[in-house]
Amino acid sequence: MDTKKTMRDYIYATPDRVIANTDRAQELVKPLVDLYCRKDYRNIVIAASGSSYTAAQCARIYLAHTLKTDVKIITPYTFAHYDCDLLREDDFMFIISQSGASTNGIEVLKRLRDRGHETIALTGNVESDFKEYCDHILDWGCGYESVGYVTLGVVTLVSYLMMFAAFAAREKGYGDETGHCISQIRKAMENHREVCSATESFVKANYKSLSGMERIYVCGCGSNFGTALEGALKIGETVKVPAIGYELDEVLHGPALQLSPRYTLFLVDGNDDTGAHARQLYHAARHVSDNVYIISNDPDIEDAHALRILDPCEEPFSCLHNLPFFELVAHMISSDLDTIKNHPLYYEMNKTLDFRTANFRKKTAAKDD
């Protein structure tokens with residue numbers, strides 16, 4: 001019997017893992033809090049790729065507001081080749097990689113060491129190749145996730161970064177939001193379970209359209225800009241169709257000119273002052289395509305086209321329960337269409353240019369990553 005875990009297994013396992021992390025929140029985030037609170041840093045700079053990048057985008061607003069600082073999120077390759085020279089001594093810099101085996105991440109760590117800058121990494125595997133290049137390698141509480149299209153890692157990372165911000169702000173004397181932060185994360189995990197169940201029904205109700213997706217836009221604001229980026233990433237890499245994440249209003253400034261009845265749009269209503277714009281965009285886009293869907297409790301939106309949550313979290317915590325919608329859509333449609341497997345020529349490309357370390361490849365083949 002095949003007991004290999006799937007994306008769905010990790011999606012459904014997420015709430016229990018996140019709640020367990022909140023039970024030991026102070027202990028879990030303490031190493032990063034201690035590093036951050038040693039002195040007064042000017043800005044926070046985070047280097048991350050893929051789902052780690054989108055998770056950081058989900059947490060960015062909360063990090064910036066809670067710690068009263070600017071937060072810059074940048075891809076590792078660009079940082080290593082262009083922005084590394086702009087880093088100041090009073091910038092708090094760390095890199096995120098769930099595998100700890102990304103070649104671009106190691107390039108960043110090497111460049112930082114060459115500049116004499118401290119190297120800090122957040123990872124799901126503290127025994128990974130990153131360990132050789134880090135002054136501090138920290139575990140964000142994800143555990144091992146065997147599926148390359150990570151889901152558990154995304155939500156655990158967002159919640160970790162939010163808890164880090166809350167505890168660091170308390171240490172800095174900016175006020176104590178730790179209780180509120182943890183209660184919102186726990187509430188989000190209850191909603192996460194609700195969203196998973198509702199998404200299973202949503203996919204069945206819209207199966208003909210969703211199983212025929214060809215071109216996809218995913219749009220959101222605030223923390224849910226990160227949700228949109230992750231939704232597009234997940235659907236694109238699993239269903240194997242072009243999918244792009246946009247900020248709600250930015251999609252109107254050029255990308256909307258492409259719209260036709262063949263496009264699918266997913267919109268996220270963040271339940272804040274941008275929600276009205278998301279709903280307005282939903283109704284406007286329906287003039288072009290029937291394949292427009294939204295996460296919203298607005299009763300004026302047809303039920304079949306809306307994923308509703310009884311008691312959504314406030315922004316910026318809503319991303320934590322909106323993410324599984326896109327994760328499950330990606331899993332269910334790609335599984336049914338059997339699109340998880342890459343084109344055979346992808347592996348020829350991978351042999352020539354791999355984004356993982358040689359040590360990682362000894363344990364995990366490209367087809368399993």
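Author: Let's take helix α6, which covers residues 152-172. It has 21 residues and reaches 30 Å from its first C-alpha to its last, close to the 30 Å expected at 1.5 Å a residue; that expected span is 1.5 Å times one less than the number of residues. Helices here are DSSP runs of H or I with at least four residues, strands are runs of E with at least two, and both are numbered from the N terminus.

A quick word on ground rules. This is a predicted model, so local features need pLDDT of at least 70 and side-chain atom pairs count only at pLDDT 80 or more, while totals for chains, interfaces and linings use all residues. Residues are numbered from 1 along each chain as its sequence is written, and side-chain values use heavy atoms, with hydrogens and water left out.

Is α6 enclosed or open? Of its 21 residues, 18 are buried, so α6 is largely enclosed by the rest of the structure. Buried means under 20% relative accessible area, exposed means over 50%, and partly exposed is in between (1.4 Å probe, protein chains only). Just after α6 comes Gly173, with a positive phi of about 85 degrees.

Now for the neighbours. One is helix α1 (residues 7-23), whose axis comes within 8 Å of the α6 axis and crosses it at roughly 20 degrees. That makes α1 roughly parallel to α6. Under 35 degrees counts as roughly parallel, over 145 as roughly antiparallel, 65 to 115 as roughly perpendicular, and the rest as oblique. Contact means heavy atoms within 4.5 Å.

Another neighbour is α3, and its axis comes within 9 Å of α6, again crossing at roughly 20 degrees. α3 and α6 are therefore roughly parallel to each other, and this crossing is right-handed too. Among the α3 residues that take part are Cys58, Tyr62 and Leu63, while the α6 set they meet includes Leu157, Phe164 and Ala165.

Helix α3 (residues 50-67) lies across β1 (43-48), β2 and β3 (91-97), running at about 170 degrees to β2. The sheet is open, with 5 strands in the order β2-β1-β3-β4-β5 and parallel pairing; two strands pair if DSSP finds at least two bridges between them. At its edges are β2 (70-74) and β5 (136-139), each pairing on one side only. On average, neighbouring strands are turned by 25 degrees against each other, direction ignored.

Further along the sheet, β3 pairs with β4 in the parallel sense over 3 bridges, and Ile95 has Ala121 in β4 as its bridge partner. Both faces of β4 are covered: Ile120 and Leu122 on one side, Ala121 and Thr123 on the other, all buried. Strand β4 (residues 120-123) also runs parallel to β5, joined by 4 bridges, and Leu122 stands opposite Leu138 in β5.

Note on methods
Axes are lines fitted to C-alpha atoms, for helices over the stretch in contact, and angles run from 0 to 180 degrees between N-to-C directions. A crossing is left-handed if the near helix is turned anticlockwise from the far one by less than a right angle, and right-handed if clockwise.
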